[in-house]
Amino acid sequence: MRASRLLNRTLFDDPADAESASHRLLARGGFIRRIGSGIYAYSPMMWRTLRKVSQIVREEMDAAGGQELMLPIIQPMELWRESGRADGYLSAGIMFHLKDRKDAHLCLGPTHEEVITDFLRHTVDSYKQLPVTAYQIQNKYRDEFRPRFGLMRGREFIMKDAYSFDIDEAGLDVSYQAMRAAYIKIFERCGLTFVVVEADSGAIGGAASEEFMVTADTGEDALLTCSNCGYGANVERADSKLREGAPGGEPVEMHLESTPGITSVEMLTDFCKLPAARMIKTVLFEATYADGVKPVAVLIRGDQDVQPIKVTNALGCLDLVVASEQTVRSVTGAAPGYAGPVGIAAEVVVIADHSVEGMTNFLCGANQTDHHLLDVNFGRDVERPPLHDLRAAQPGDTCARCGTAELGGLRGIEVGHVFKLGRKYSEAMDATFTTKDGKRDTFVMGCYGIGVSRVAAAAVEQNHDDKGIVWPVPIAPYECVVIPMKMNDESVMQAAEKLYVELQRVGVEVVLDDRWGRPGPKMKDSELIGFPYRVICGRSLTDGNVEIERRADGTKELVPLAEAAGWLAERVEAERHGGVRTTS
Ligand code: ATP
Ligand code: MG
């Protein structure tokens, strides 16, 4: 490709709304152009990268036995009513939906479990046609609460979604493991560093799921991993060994303590000279259900924190937010900071984390401004609440699996998610097949997503420096750029042209920067755009050499012009299949 013909425009300034490196650099490099909030046009170079990611995904899906198909983006809401997900998606506001001219309710697919289940129930009738895994690579639509970070969290984005159908759970295990293994190959082939962690199943549902996380300090997800046993989990789901509590002793009489202006566990520890583990924190939320909003109180030991996703799952609610000050005042009759289980309004749903189990003589809010209750006991002063795992595991906690090492914290970008769905959709949508013994049974399903456009953004987030992008070779838009340093020097131009033709002949994807102008801006552009290799045709040509620089580590080498194409072809080929880290 000649740069003079390339439909691309680099920008000098960062876009005003860019909060992350990938957003900033993809916009400045001309790869993406914001058309609306969370909606982007992909430039020809961006599209090349996205097609490369898609192609890697496609090859590994096919190798794992997947069959590519294409489902409609526009979906009848009836299917979502059938699966029981319509209310949840509509109330969360994540769904783009519309009425057609006949007043039928439609949505733009945020995901395709319903559509594929409908397709399968009309296409597969017998166990003999199973197992089957089908996938597509397509735009998805989600009206994200906060679209941001460019391609990282778009409202229109490209996803590969695959669905497996098996006759039983053992079959699902096999299909799931095949997809999981394919995912590992895919992200390795893209040249990314990633971890696989246990995950919350969220609105998709099902029994078990794992996420593929590209590690980056700016990642939106917090993860915990154990270097000893390999346990890894998203904090939304992570478990850890609960630290020792503080014994409260034999129950004594409950009494009211005056605690003026003392509203947090830290302040109470000082004021009452009591360890946080002797207190119970009461965190108030508002939970949305299909039939309305209910106030919820979550009790947890004072030295622990509540994990809201775990609360959402325990309640089975559609949405959960921290209670407003107005709600706090109305259910406690007190200012914020004094909520407690004793005497809280009867309408409040009270649940507790396992950490409060066995606690005696604890301190908690009194539902009275400037007051706490001390020596409170369950079963006597207040009803014993139902217990769940609602605790947020923290870095530094002991690993619950091996029980020895400390969990370390790191951040990641979720690029893939694999789920064991089981029979959730097939039961709800009556999707059945005939078994070996002539009965009807529901499909056992799995689903598997990869954010193709997010992979590209994550690659930039993980591979960049202060000059620009450092594309891993397998997904770089072009593998190298040739820059003639003197446009008015015929011998330089001839050498550059010759090399350009030669590189194409040996199959290296090359851009010739033949734009009229000085070399400075071209050098800057090439660094911003992140070509893995840069060939400088300049002064060294007097000795018959070109200078070839590797973007990732800045190493430079003088190579005879006549050998340059072969030299590059060899280097590029070695990096094309992934596994080579571009930056450390
Ligand atoms: P997140 O937690 O980041 O909102 P999710 O868990 O809702 O994502 P899934 O339903 O698991 O997403 O979708 C499969 C994959 O699609 C994700 O692993 C991610 O890579 C990608 N993805 C999801 N939402 C977006 C988005 N708004 N923009 C770009 N990619 C996305
Ligand atoms: Mg997910």
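Two strands count as paired if DSSP finds at least two bridges between them. Helices (H or I, at least four residues) and strands (E, at least two) are DSSP runs, numbered from the N terminus. The model is predicted: local features need pLDDT of at least 70, side-chain atom pairs count only at pLDDT 80 or more, and totals for chains, interfaces and linings use all residues. Residues are numbered from 1 along each chain as its sequence is written, chains are lettered from A and ligands numbered from 1 in the order in which they are written, and side-chain values use heavy atoms, leaving out hydrogens and water.

**View 1. Strand S15 and its two partners.**
Thr288 of this view stands opposite Asp319 in S17. S15 and S17 run antiparallel and are joined by 4 bridges. Strand S15 (residues 280-289) and strand S16 (residues 292-301) are antiparallel over 10 bridges. The two form a hairpin, with 2 residues between them. Strands of a sheet pair through backbone hydrogen bonds, either parallel or antiparallel. S15 is largely enclosed by the rest of the structure, because 7 of its 10 residues are buried. Buried here means under 20% relative accessible area, exposed over 50%, and partly exposed in between (1.4 Å probe, protein chains only).

Contact means heavy atoms within 4.5 Å.

Which residue caps the N-terminal end of H8? Gln307 does, with a side-chain oxygen 2.9 Å from the backbone nitrogen of Ile309. Helix H8 spans residues 308-315, and its buried residues are Lys310, Val311, Thr312 and Leu315. The cover over these buried residues includes S15, S16, S17 and strand S18 (349-353). Gly316 follows H8 and has a positive phi, near 65 degrees.

The shell holds 15 residues; Arg142, Glu144, Arg153, Gly154 and Glu414 come nearest. A residue is near a molecule or strand if one of its heavy atoms lies within 4 Å of it. Strand S8 (156-166) and strand S23 (407-422) each supply at least two residues of the shell. S23 gives the most, with 4 residues. An oxygen atom of ligand 1 is 2.8 Å from an N or O atom in the side chain of Arg153. A nitrogen atom of ligand 1 lies 2.8 Å from a polar backbone atom of Gly154. An oxygen atom of ligand 1 is 3.2 Å from a polar side-chain atom of His417. Taken alone, ligand 1 exposes 590 Å², and the protein buries 86% of that. Accessible areas come from the Shrake-Rupley method with a 1.4 Å probe; for residues, only the protein chains shown count as cover.

View 2. The side chain of Glu60 makes a polar contact with the side chain of Arg189 (2.9 Å). A polar contact is a pair of N or O atoms within 3.5 Å; within protein, one must be able to donate a hydrogen and the other to accept it, and residues adjacent in sequence count only if both atoms are side-chain atoms. Not counting residues up to four places away in sequence, Glu60 touches Ala182, Lys185, Ile186 and Arg189.

**View 3. Backbone geometry in loops.**
Most residues other than glycine have a negative phi, and most peptide bonds are trans. A cis peptide bond joins Leu130 and Pro131, with omega about 0 degrees. Pro131 belongs to the loop between helix H5 (113-123) and strand S7 (132-141). Phe149 is not a glycine, yet its phi is positive, near 60 degrees. Phe149 lies in the loop between S7 and S8. Is Phe149 buried or exposed? Phe149 is buried, with a relative accessible area of 11%. Asp430 also has a positive phi, about 50 degrees, without being a glycine. Asp430 lies in the loop between helix H10 (424-428) and strand S24 (432-434). With a relative accessible area of 57%, Asp430 is exposed.
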